[in-house]
Amino acid sequence: MIAVYRRDGQQFSREVIGQEDIAEDVVWIDLFEPGQDEIAKVEAVIGASIPSRAEMMEIEISSRLYRDDAAEVMNIPIIHGLHSDTPSFAPITFMLAAGRLVTIRYTDPASFRIFAARLCHDPLLVGIEDSDKPLPGTAYALSGIGEAHIAENLLIGILETVVDRIADLLETISVDLDKIASDIFSSSARKKPIGTEDFKRILQRIGAAGDLASRARETLAIFDRLVPFLQLILEERDKSAANLRRRLKIVARDVRSLNDFCSFLSNKTTFLLDTTVGMISIEQNGIIKIFSVASVAFLPPTLIASIYGMNFRLMPELDWSFGYPMAIVMMVMSALLPTLYFRSKGWF
């Protein structure tokens with residue numbers, strides 16, 4: 001599917017095209033799960049080659065951020081499906097070519113839907129501007145948009161939305177880890193201790209949170225390389241685009257702060273994992289202690305029963321009328337005394 005975005009004065013509009021050609025006034029071409037015919041059509045318009053799906057998944061930084069004679073290409077891994085049971089991780093390609101922004105994606109992250117809706121509703125909400133004279137407040141004059149920088153504005157706007165979504169993800173992970181910590185540390189105050197299945201669920205929750213945090217950190221690592229790459233592009237194209245560079249600096253600061261927060265979440269995940277494993281060890285030690293005490297308590301009665309079960313001829317106790325009750329009492333007392341001793345020591 002090819003979705004195109006046009007600019008008409010101060011407004012943007014979205015249109016899904018089929019067999020018709022891509023108009024000259026299109027400023028953003030969004031390819032979603034494109035076929036070969038759609039890729040060929042866009043390549044003919046922008047005069048550059050679109051990376052294949054396999055190329056989008058390359059991990060080398062030289063394959064993720066590069067430029068050729070016709071376009072600048074950026075392959076960025078983005079987390080999507082955060083509100084589903086199975087969040088996924090997939091690359092999205094951004095291209096600056098022929099004065100347009102081109103995006104290629106095989107997933108539908110919420111950041112794209114949010115940005116597209118805001119762009120068509122009110123471009124000021126996503127900071128689409130190119131004027132060095134900001135109006136009072138946080139928004140800028142849309143009439144100052146320059147045609148030479150509209151693609152860069154759109155790209156930075158999408159990146160800002162992606163960073164916001166990553167921040168929301170990290171906040172969600174932090175809240176979940178706080179709940180896990182509460183479940184772990186409040187277990188000691190419960191009358192009924194945490195069972196094996198509860199520990200399994202806690203470990204699964206910790207693992208899921210740690211996996212999401214590590215994936216978010218990978219995306220932020222790419223942003224660390226992406227921002228200088230874009231700054232270099234802006235410097236070469238137009239050194240007067242001060243507002244764009246300001247926005248990139250803000251993105252860079254946000255990425256650094258989120259990286260620090262990712263480190264905090266990583267340490268917290270490790271701490272909770274160690275704590276959970278320690279709690280499991282304590283529960284296991286408690287069970288082993290009970291068996292150890294039981295084995296020690298029943299060892300003397302077993303010894304007494306073994307002695308009187310040897311059936312030697314010269315055993316005077318066998319002829320006593322009170323021999324059997326005496327043996328029973330001895331076995332009970334030999335089991336009871338160690339049990340009371342261990343109880344007084346608080347061993348169980």
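The largest cavity in this predicted model is lined by L96, E152, L155, I156, L230, I233, L234 and L248. Two elements, α5 (150–185) and α6 (196–237), each give two or more residues to that lining. By type, the lining residues divide into seven nonpolar, no polar and one charged. The space inside the largest cavity comes to about 40 Å³, and the count of cavities of 30 Å³ or more is one.

Elsewhere, salt bridges that share partners join D30, R105, D108 and R113 into one network. D108 is partly exposed at 34% relative accessible area, and R113 counts as partly exposed at 45%.

Another salt bridge links E72 with R67, with the closest N and O atoms 3.2 Å apart. E72 is buried, because its relative accessible area of 6% is under 20%. R67, at 36%, is partly exposed. In total, the model has 10 salt bridges.

The surface also carries a nonpolar patch, formed by Y324, I328, V329, V332, M333, L336, L337 and L340. Together these residues have about 770 Å² of accessible area. One of them, L336, lies in helix α9 (residues 323–344). L336 counts as partly exposed, with a relative accessibility of 39%.

Note on methods: Residues numbered from 1 in each chain as written. Predicted model: local features only at pLDDT ≥ 70, side-chain atom pairs only at ≥ 80, totals over all residues. Heavy atoms only, no water. Patch = residues over 30% accessible without salt bridge, like charges linked within 9 Å, V, L, I, M, F, W, Y side chains within 5 Å. Areas by Shrake-Rupley, 256 points an atom, 1.4 Å probe, with all protein chains shown as cover. Salt bridge = Lys/Arg side-chain N within 4 Å of Asp/Glu carboxyl O. Helix = DSSP H or I, 4+ residues; strand = E, 2+ residues; numbered from the N terminus. Buried < 20%, exposed > 50% of the residue type's maximum accessible area, 1.4 Å probe, protein only. 1 Å grid on protein atoms, 1.4 Å probe; cavity = no way out; pocket = protein on both sides within 12 Å on 5 of 7 lines; lining within 4 Å. Points joined across faces, edges and corners; volume = space filled by probe spheres on them. Nonpolar A, V, L, I, M, F, W, Y, C, P; charged D, E, K, R; others polar.
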